[in-house]
Amino acid sequence: MYEIENVLRDYAWGSTTAIASLLGRPESGRPEAELWIGAHPDSPSVAHLPEDGTRSPLDSLIASDPEHFLGSDSVAAFGPRLPFLAKVLAAAQPLSLQVHPSLEQAREGFARENAAGVDPHAPHRNYKDDNHKPEMIFALTPFEALCGFRPAAETRVILQHIADAFPGPAQVPALLRALLEDLTASDEGAGLRRAFERLITGGQGVSEETALVVAALVSGASLEPFQAELGTVISLNEKYPGDPGVLISLLLNRISLKPGEAVYLPAGNVHAYLHGLGVEVMASSDNVLRGGLTPKHIDVPELLKTIDFHPVAVPMLTAETSVLDQELFRPPFGEFQLQRIELGPDSGPVPLAQAGAAVVIVVAGAVYLDSPKGDLELEQGGSAFIAAAEAPVNVHRVAGSTGPALAFAVTTGL
């Protein structure tokens with residue numbers, strides 16, 4: 001078992017307080033958006049090596065003996081790299097509207113951009129690596145997001161509500177009328193695609209007519225019964241005035257997760273996190289194709305190739321309880337699963353769910369990890385990497401510590 005130090009990303013949308021408070025450490029005074037826990041080569045965690053007191057980037061440590069650290073099944077399925085990346089994510093402002101490619105798209109796109117000589121760090125590069133990025137988010141606080149296309153008929157009702165806020169049909173913006181027409185298509189996916197393309201490619205016309213829509217909403221029009229959806233339009237326009245993502249948000253499911261709820265996001269799912277603190281887990285990749293709400297590069301043709309335009313129910317992820325009383329969140333992706341471990345004063349040890357390597361982070365109290373090959377104590381904010389060869393591991397609450405202990409563990413979903 002290795003105690004690890006993790007890399008904090010200070011993106012501008014991050015909270016200045018949430019991650020520091022969760023991990024029980026002083027605030028840095030800067031936005032703290034994501035704490036990366038894993039072996040992604042862009043920001044690998046650093047392992048403390050108990051043998052000689054030195055430190056090693058986790059990706060380098062794993063590369064020294066993949067079979068030992070990852071296990072033979074993981075290496076056979078995903079190659080000689082840690083297949084998942086865990087993050088603590090704290091959004092004080094909306095993230096970009098985005099989608100992630102499938103594994104086939106990522107491999108093809110990465111090879112294509114390499115062959116074209118695109119600098120790996122170029123701002124216009126789409127594919128940073130050759131992996132897909134399915135993901136899930138577990139809410140630690142109330143968590144607001146956009147996630148996948150809602151049925152076209154439901155979106156038409158919302159758009160008609162906006163149209164009714166204008167004095168008469170002649171005053172309804174042409175863009176709004178066109179979107180209503182798009183969403184009457186008998187092929188629902190084709191209609192959603194047409195509406196999305198109209199917004200993402202409309203340029204200055206979309207910006208001007210978005211301003212008309214927002215002006216109608218803030219001039220006294222009733223937002224009920226669509227307070228969340230229309231309030232999101234207003235708040236997004238304050239941050240990104242006229243951006244196509246402002247009205248694209250109306251095509252998507254608007255969700256509010258309670259603490260303890262989780263949702264998963266497959267390839268092709270258009271989404272944006274709006275606000276909240278959560279534990280995010282994904283396949284180990286940084287491939288993101290953006291569609292709005294960002295000053296960063298947007299490649300519209302590549303984006304349209306990647307999006308799944310079929311409407312979907314919100315892909316909620318319900319906890320499973322194993323025969324060993326483990327609380328597990330298991331999305332339909334082989335690369336990862338999440339275990340929530342809560343230990344009260346009278347709790348016995350909880351077996352760590354481990355299929356290959358695992359990482360653990362403690363967000364309250366203190367725990368110690370116990371295996372036949374060693375043990376490790378972690379306090380609030382501490383984290384560890386556990387090699388496949390160390391299984392089985394039990395998680396105990398540290399006797400005498402104050403209050404319950406709460407930790408999260410990630411391993412593969414094999």
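**Note on cavities, pockets and selected residues**

1. Two strands, E18 (358–364) and E23 (405–411), each supply at least two residues of the lining of the largest cavity. E18 gives the largest share of this lining, 3 residues. Strands (E, at least two residues) and helices (H or I, at least four) are DSSP runs, numbered from the N terminus.

2. This is a predicted model, in which local features need pLDDT of at least 70 and side-chain atom pairs count only at pLDDT 80 or more, while totals for chains, interfaces and linings use all residues. Residues are numbered from 1 along each chain as its sequence is written, and side-chain values use heavy atoms, with hydrogens and water left out.

3. How many cavities of 30 Å³ or more does the structure hold? There is 1, and the volume of the largest cavity is about 40 Å³. On a 1 Å grid over the protein atoms alone, a cavity is a set of points where a 1.4 Å probe fits but cannot get out; a pocket is an open set with protein on both sides within 12 Å along at least five of seven lines; lining residues have an atom within 4 Å of a point. Grid points are joined across faces, edges and corners, and a volume is the space filled by probe spheres set on them.

4. The residues lining the largest cavity are Ile-37, Ala-86, Val-279, Leu-338, Val-359, Val-360, Ile-361, Phe-408 and Val-410. By class, this lining has 9 nonpolar, no polar and no charged residues. Nonpolar here covers Ala, Val, Leu, Ile, Met, Phe, Trp, Tyr, Cys and Pro; Asp, Glu, Lys and Arg count as charged, and the others, Gly among them, as polar.

5. The largest pocket has a volume of about 900 Å³. Its lining comprises 40 residues, of which Tyr-11, Asp-286, Val-288, Arg-290 and Lys-296 lie nearest the centre. Two or more lining residues come from each of strands E3 (34–38), E6 (84–91), E12 (271–283) and E13 (289–292). E12 contributes the most, with 4 residues. The lining of the largest pocket divides into 18 nonpolar, 8 polar and 14 charged residues.

6. The second largest pocket has a volume of about 250 Å³. It is lined by 15 residues, and Ile-4, Glu-5, Gly-381, Gly-382 and Ser-383 are the closest to its centre. Strands E1 (2–5) and E20 (374–379) give two or more residues to this lining. Its residues divide into 5 nonpolar, 5 polar and 5 charged.

7. Phe-69 lies in helix H3 (residues 66–70). Why does Phe-69 count as buried? Because its relative accessibility is 5%; buried means under 20% relative accessible area, exposed over 50%, and partly exposed in between (1.4 Å probe, protein chains only). Leaving aside neighbours within four places in sequence, Phe-69 is in contact (heavy atoms within 4.5 Å) with Tyr-2, Leu-61, Ile-62, Ser-64, Ala-357, Phe-385, Ala-387 and Ala-388. Phe-69 and Ile-386 are 317 residues apart in sequence, yet 7.7 Å apart in space, C-alpha to C-alpha.

8. Ser-15 is in the loop between strand E2 (7–9) and helix H1 (18–23). Ser-15 counts as buried because its relative accessibility is 11%. A polar atom of the Ser-15 side chain lies 3.1 Å from the backbone nitrogen of Thr-17. Not counting residues up to four places away in sequence, Ser-15 touches Arg-30, Pro-31, Glu-32, Ala-90 and Ala-92.

9. In helix H7 (residues 174–182), the buried residues are Leu-175, Leu-176, Ala-178, Leu-179, Leu-180 and Asp-182. They pack against helices H6 (152–163), H8 (188–201), H9 (204–218) and H11 (244–248).

Definitions and conventions: Polar contact = N/O pair within 3.5 Å; in protein donor to acceptor, adjacent residues only side chain to side chain.
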